[in-house]
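I opened my notebook for a new structure today. I wanted to look up a few places and write down what I found.

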Amino acid sequence: MERREFVASLVAGGCAGMCVDLTLFPLDTIKTRLQSQQGFYKAGGFRGIYAGVPSAAVGSFPNAAAFFVTYEYTKALLGTGGVFALPHVAPVTHMLAASLGEVVACLIRVPTEVVKQRAQASLSSSTYNILLATLREEGVRGLYRGYGSTVLREVGFIHGLTSHSTLWSSRQGHTLYSWQSAVCGAVAGAVAALVTTPLDVAKTRIMLAKAGSTTASGNIPLVLYDVWRSRGIAGLFAGSIPRMTFISVGGFIFLGAYEKVRRTLL
């Protein structure tokens with residue numbers, strides 16, 4: 001990847017990510033409270049809907065930038081030659097690049113997500129105090145609780161997103177226009193959001209669990225079983241509507257803004 005492309009991906013990804021996260025933050029708060037173990041109203045209901053927004057603001061730009069820089073670089077690297085350079089293998093190339101992008105981005109996303117979700121579900125503590133409490137009780141490792149479930153959720157989601165975009169692009173014989181990328185983000189995002197909601201519920205429960213508890217250990221199947229046993233199917237898909245709305249509208253804004261900013265810079 002040329003230096004100019006690198007800078008364009010960095011800035012475009014960061015700007016698009018910040019735009020989505022801050023604009024749709026209330027939906028994320030509602031989703032987190034619906035998925036929390038104590039329930040929506042005990043977690044805060046509709047009060048303090050912007051609790052945890054400082055954490056989202058701090059992590060949004062570097063998180064989105066890390067994903068798209070890794071994604072674009074890996075995609076360019078795989079496309080330089082060999083089997084991955086073949087046109088019909090393009091969807092696989094995009095998925096591999098996106099998966100690696102999520103693994104890297106989650107190194108930034110998960111710590112900010114842990115602090116943000118705990119602030120969303122506990123109105124009595126500020127973002128700063130929650131960060132200090134987490135470091136004091138669990139150290140840096142505590143900030144990465146739920147890393148595995150987050151990566152699984154994001155990889156599943158992004159595979160659906162990139163495959164739709166790649167297929168549409170290959171069928172029309174050229175890269176997608178900004179509005180087409182936005183439509184792909186909205187449609188594929190809504191479907192992927194619904195399907196991956198149980199993993200999102202597990203992630204939320206793991207991040208919010210009390211240190212030392214069984215849930216905090218991060219055993220995803222066990223967490224999902226506990227949710228199903230206590231709340232049934234409805235519990236496994238708790239927060240699916242605000243999550244689908246967030247990701248559908250967010251996907252429209254994110255990919256549209258990313259393509260527009262990137263093309264403007266290039």
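Which helix gives the most to the lining of the second largest pocket? I looked it up in this predicted model. The answer is H5, with five residues.

**Entry: the pocket.** I noted a volume of about 280 Å³ for the second largest pocket. It is lined by 14 residues, and the closest to its centre are Arg118, Ile130, Ala133, Thr134 and Glu137. Helix H5 spans 127–138. Helix H9 (197–208) also supplies at least two residues of this lining. I then sorted the lining by type: six residues are nonpolar, three are polar and five are charged.

**Entry: Arg109.** Next I turned to Arg109, in helix H4, which runs over residues 90–120. Is Arg109 buried or exposed? Its relative accessible area is 12%, so I wrote it down as buried, the cut-off being under 20%. Its side chain makes a polar contact with the side chain of Asn63, at 3.1 Å. Leaving aside neighbours within four places in sequence, I found Arg109 in contact with Asn63, Glu102, Thr150, Arg153 and Glu154.

**Entry: aromatic rings.** I looked up the aromatic pairs, and the count comes to six. In one of them, the rings of Phe40 and Phe46 have their centres 5.0 Å apart. Their planes stand at 75°, so I logged the pair as edge-to-face, which takes an angle over 60 degrees. Phe40 is buried, with a relative accessible area of 11%. Phe46 is exposed, at 59%. Ring pairs also bring in Tyr41, linking Phe40, Tyr41 and Phe46 into a cluster.

Technical notes
Residues numbered from 1 in each chain as written. Predicted model: local features only at pLDDT ≥ 70, side-chain atom pairs only at ≥ 80, totals over all residues. Heavy atoms only, no water. Helix = DSSP H or I, 4+ residues; strand = E, 2+ residues; numbered from the N terminus. Buried < 20%, exposed > 50% of the residue type's maximum accessible area, 1.4 Å probe, protein only. Polar contact = N/O pair within 3.5 Å; in protein donor to acceptor, adjacent residues only side chain to side chain. Contact = heavy atoms within 4.5 Å. 1 Å grid on protein atoms, 1.4 Å probe; cavity = no way out; pocket = protein on both sides within 12 Å on 5 of 7 lines; lining within 4 Å. Points joined across faces, edges and corners; volume = space filled by probe spheres on them. Nonpolar A, V, L, I, M, F, W, Y, C, P; charged D, E, K, R; others polar. Phe/Tyr/Trp six-rings, centres within 6.5 Å; stacked < 30°, edge-to-face > 60°.
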